[in-house]
Amino acid sequence: MRLPRFEYYQPGSLAEAVTMLSEVPGARPVAGGTDLLVNMKHRVEQPAALVSLSRVPELAGVRSEDGATVIGGSVTLTKVQHDEGLRARFPALTQAASVVGSYRHQTMGTLAGNLLQNTRCRFFNQSVEWRSVRALCYKAGGDYCHVMKKEGVCFCTYHGDTAAALLVLDAEVRVEGPDGVRQFPLAQLYSGEGKVPLTLGAAEVMSAVVIPNASATNGAATDAAPATDAAGGGSPAGGSAYLKHALRGAIDFPIVGAAVWRNGDATRVAFTGVDRMPMRAAALEEALAGRALTPAVIEEVASLAPKGATITRTTVQSGSFKRELMSALFTRAAGSLL
Ligand SMILES: Cc1cc2nc3c(=O)[nH]c(=O)nc-3n(C[C@H](O)[C@H](O)[C@H](O)COP(=O)(O)OP(=O)(O)OC[C@H]3O[C@@H](n4cnc5c(N)ncnc54)[C@H](O)[C@@H]3O)c2cc1C
């Protein structure tokens, strides 16, 4: 499968990148390219120009700023998962980074690219030939949603791994564009709409992810990177964990991913793969508010996990299977923090 033609720009600073994105018609940022270039090969995204962020120094590195941890947007998933400080303080994030796609996706793919990846659907993420046997779906430029069987809607699902982990860590994203810098909670990055899933402006660059010190837990870093369906990290009193279930352990998007953060009696839970955006599990968190996590409490509330998620058949798995997975993954991830 070949890439379509496009112009290529390689700015050497963040200001230059923003200027190029503002001035070059149809330009899009590209980081590792592991999401965008595949979509371009499928002709579901066709930017006229790509602005590479790989040589923008402001997007590199992990640092501390007033106690908060600031991870540059272009830090690769491999670097995230092997950073000792992140592993000790934010195990859910490093576990999520370690189960993204395959080794190659992790070495090329960046944290910002992971958060900003497009939503997915079995009718959208296909080659031109595959899609040509039926009318173009709404997201690909047609009128009709083959999942919902109606016009003018898109329920493409968000499947990124690190977003769920960063949601339970109360992370914010820092974005720089023609109008300056803004920083806002990660949840506000997602529109909740399948066709245009992000709230980022066309000329805006995500420069960093910011995790507050209050979300750090003091558990020891685990040496072994967790395999799919295996996680856990933190001290007995707190910690965080990310668990994912995928069809193929070696290389695959999550069918469902679950992140849990706990500190004393405070618990946060988030899911990915279950709606048009990654989501905090409001009903579960409400049921857990002010309660110590125990096996009995986890069992009591687990059935609330799917509440609030609009699960559609954008993958071959059924909604009922995904709902069961949400409860099961929550139970195991929360259980690993006891
Ligand atoms: C076979 C396969 C399996 C995969 N499995 C998984 C998986 O299991 N879990 C998972 O989460 N993902 C998976 N992916 C998706 C992808 O590999 C990862 O999400 C990766 O982290 C994307 O990062 P990237 O740097 O390559 O992004 P890119 O492809 O470069 O960019 C993705 C999007 O983000 C935008 N972008 C990138 N950086 C910035 C920035 N700093 N500011 C503004 N916009 C930006 C781009 O314009 C583009 O729209 C898979 C992909 C493939 C092809």
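The shell around the ligand draws on both domain 1 (1–54) and domain 2 (60–115 + 158–335), with at least three residues from each; these bounds come from an automatic or database domain assignment. The model is a predicted one, in which local features need pLDDT of at least 70, side-chain atom pairs count only at pLDDT 80 or more, and totals for chains, interfaces and linings use all residues. Residues are numbered from 1 along each chain as its sequence is written.

The ligand is surrounded by 31 residues, of which the closest are Gly-32, Gly-101, Gly-109, Gly-113 and Asn-114. A residue counts as near a molecule or strand if its C-beta atom, placed from the backbone, lies within 6 Å of it. Two or more residues of the shell come from each of strand E2 (27–30), helix H2 (36–41), helix H6 (103–108), helix H7 (111–115) and strand E10 (205–211). Helices (H or I, at least four residues) and strands (E, at least two) are DSSP runs, numbered from the N terminus. The shell holds 15 nonpolar, twelve polar and four charged residues; Ala, Val, Leu, Ile, Met, Phe, Trp, Tyr, Cys and Pro count as nonpolar, Asp, Glu, Lys and Arg as charged, and the others, Gly among them, as polar.

The centres of the two domains, taken over C-alpha atoms, are 26 Å apart. Across the boundary, 13 residues of domain 1 are in contact with 15 residues of domain 2, contact being C-beta atoms, placed from the backbone, within 7 Å. On the side of domain 1 that touches domain 2, helix H1 (residues 14–23) gives the most, with five residues. That side is made up of seven nonpolar, five polar and one charged residue.

Strand E2 also belongs to an open sheet of three strands, ordered E1-E3-E2 with parallel pairing; strands pair if DSSP finds at least two bridges between them. Strand E1 (7–9) and E2 stand at the edges with a single partner strand each, so one side of each has no neighbour in the sheet. The twist from one strand to the next averages 25 degrees. Four bridges link E2 to strand E3 (residues 49–52) in the parallel sense, and Val-30 stands opposite Ser-52 in E3.

Strand E10, the other strand named in the shell, has seven of its seven residues buried, so it is largely enclosed by the rest of the structure. Buried means that 20 or more other C-beta atoms lie within 10 Å of the residue's own, exposed 12 or fewer, and partly exposed in between, with C-beta atoms placed from the backbone. E10 pairs in the antiparallel sense with strand E5 (residues 68–72) over four bridges, and Val-70 has Val-210 of E10 as its bridge partner.

In H5, eight of its eight residues are buried, and among the elements they pack against are H6, helix H9 (162–168) and strand E12 (256–263).

Technical notes: Contact = placed C-beta atoms within 7 Å. Axes fitted to C-alpha atoms, helices over the stretch in contact; angles between N-to-C directions.
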